[in-house]
Amino acid sequence: MINITFPDKSVKQFEAGVTPLQIAESISPRLAREVLAASVDGNEWDLTRPISDDAELKLFKWDDPEGKHAFWHSSAHLLAEALQELYPGVKFGIGPAIENGFYYDIDPGENQLTSADFGKIEKKMLELAQKKEDIVRADIAKADAMKLFGDRGETYKCELISELEDGHITTYTQGNFTDLCRGPHLPNTGAIKAAKVMSLAGAYWRGDEKRNQLVRVYGITFPKKSMLDEYLALLEEAKKRDHRKLGKEMELFAFSQKVGAGLPLWLPKGAALRDRLEQFLRRIQRKYGYLQVITPHIGNKQLYVTSGHYAKYGKDSFQPIHTPEEGEEYLLKPMNCPHHCEIFRALPRSYRELPLRLAEFGTVYRYEQSGELHGLTRVRGFTQDDAHIFCAPDQIKDEFLKVMDIILYIFKALKFENYEAQISLRDPQHKEKYIGSDENWHLAEQAIIEACAEKGLNARTELGEAAFYGPKLDFMVKDAIGRRWQLGTIQVDYNLPERFELEYTGADNAKHRPVMIHRAPFGSMERFVAVLLEHTAGRFPLWLAPDQVAVLPISEKFNDYARRVAEELEQADVRAYIDDRSEKIGRKIRDTELKRVPYMLIVGEKEAENAEVSVRKQGEGDKGSMKIATFAKLIADEVSEMTKQ
């Protein structure tokens, strides 16, 4: 008999060799129908794979990320099986699950794949799924694997096998299709009830532009047809909310090939929006004792060698700038933190100054691949709402808690009400990927875990997701249509203070090393604006909207009165503009709706005579007539309610 420990710490005994699926069946038939994957002692595990020793077991359903991962990983194999039947001679690269669905990289050989083929691929996938083919795991020797895939002409698989360690190679087989894979997978294909091929793209083998270009086939599947229908409806909604489309309609930002790919140009309305976000955060930071600093856009290459950023990010940075001075090299700044370390070093520091909180809206540059650029969410030049807190070890938790307060307040003010937190720790099996001592890593990780516990924040823990210099707490926000975005982040760092030999004089008159906390509540201004645009569908909170009010005269006769209205509103700190085009009022209203302006004021003969405005609110329609001063107070009260802390 073996002891199986469940997440609630309860323990049950089973015969050795029991499978996670059998354990689920012993709990309830419904659980057995719904469970998709498992983990045994933290390792991914097939539901039909035996457990031989005492173990901790977790069972995952569709609502768990691990459950979706197994479902979509199995679906990638189903896609490959369908392609194998439909297109003889096709060769396979890799086929992982991704955040929404899966893809498979294939070499189609003589076959041609187009979007016209999607329907028959989907039909074949469902036809195979209905056979409920068992997905069978097998351990295989390296030589046997090379022969199996070599005999089939699978050159890409053979290349992967050549790099694997013998004794740790597994395959999965369903029907006539066998794949090289670590798993885990569903017990059989029967759970897959709906399939959609989403798109085709080019992808170089192993990301190398000098290698063969393969066809990447993207797809998604669901356990119910209705879930696919809902997903496709959300995609249509996402198209309407695309920040690139909204940004153009609302005249917020633009891109120019002459300026360069991935380098956004902020138009006046966008710059004003961004400035309001910055001022919003500056006000909060002043309350928490932050000091504003400014650093250059470039730095000597040696600065980033010292920090470790050059070794880690050098290949993703712009190439060094060579000066007329022999051997002198500069880099466009990839990170703000090394500059802030030098600001700390610029003056003798005492324990009385700590915690020292240095903040900067600092622009950084990273050379993202052109194929990865995407509107404002993936750019080559972006501004981080960066701050670095230099503190004594016994101040870490308090400072961490204060940063959490800032981030949660921002989420509340901007109505990001659905979020989750992730504690990102280093991978204990691959410590070589990180810098710093085991002792410092343990101290940093414990500080984050304790702060989350004290705050009552239900954060999940992910191994291997830490920054190379320290653990972090990331905030994942779900937007209005359910997509997850990583926004705020807080990181504890014992390593940069050591690399830069930072010191302060303690109460004992001895030198001590500070601890550094990195934090960015927005993450980057560009990405945050993009996410906020899509979350709100361009309908920003009133205090943030680029234009709060549009004054719409019914005809040219009332332009002078419209100007009077706009002037009075400006004096009351209400942002207003006049649409004095020679257009009918219906057209003006439609165009203003498209610009997502919160309020419209219709002015004509009646309004001019009574010194009033006819109020129309975005998405709600007519609100009646009122005096200009009354309307201005309504705006002031609404803004005050939204922004009060």
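Colleague: Which residues line the largest cavity, and how should I read such a feature?

Modeller: Rolling a probe the size of a water molecule over the atoms shows where empty space is left. Here Glu-249, Met-250, Glu-251, Lys-269, Ala-545, Pro-546, Asp-547, Tyr-577, Lys-595, Arg-596, Val-597 and Pro-598 line the largest cavity (a cavity is a set of points, on a 1 Å grid over the protein atoms alone, where a 1.4 Å probe fits but cannot get out, and lining residues have an atom within 4 Å of a point). This is a predicted model, in which local features need pLDDT of at least 70 and side-chain atom pairs count only at pLDDT 80 or more, whereas totals for chains, interfaces and linings use all residues. Residues are numbered from 1 along each chain as its sequence is written, and side-chain values use heavy atoms, with hydrogens and water left out.

Colleague: How many cavities of 30 Å³ or more does the structure hold, and how much space lies in the largest cavity?

Modeller: The structure holds one cavity of 30 Å³ or more, and about 100 Å³ of space lies in the largest cavity, the volume being the space filled by probe spheres set on grid points that are joined across faces, edges and corners. Its lining divides into six nonpolar, no polar and six charged residues (Ala, Val, Leu, Ile, Met, Phe, Trp, Tyr, Cys and Pro count as nonpolar, Asp, Glu, Lys and Arg as charged, and the others, Gly among them, as polar).

Colleague: Is Asp-573 buried or exposed?

Modeller: Asp-573 counts as exposed because its relative accessibility is 68%, while Ala-611, at 24%, counts as partly exposed (buried means under 20% relative accessible area, exposed over 50%, and partly exposed in between, with a 1.4 Å probe and protein chains only).

Colleague: What can be said of Leu-569 and its surroundings?

Modeller: Leu-569 is buried, with a relative accessible area of 0%. Leaving aside its neighbours within four places in sequence, Leu-569 is in contact (heavy atoms within 4.5 Å) with Val-549, Val-551, Val-574, Ala-576, Leu-601, Ile-628, Phe-631 and Ala-632. Leu-569 and Ala-629, 60 residues apart in sequence, are 8.0 Å apart from C-alpha to C-alpha.

Definitions and conventions: 1 Å grid on protein atoms, 1.4 Å probe; cavity = no way out; pocket = protein on both sides within 12 Å on 5 of 7 lines; lining within 4 Å.
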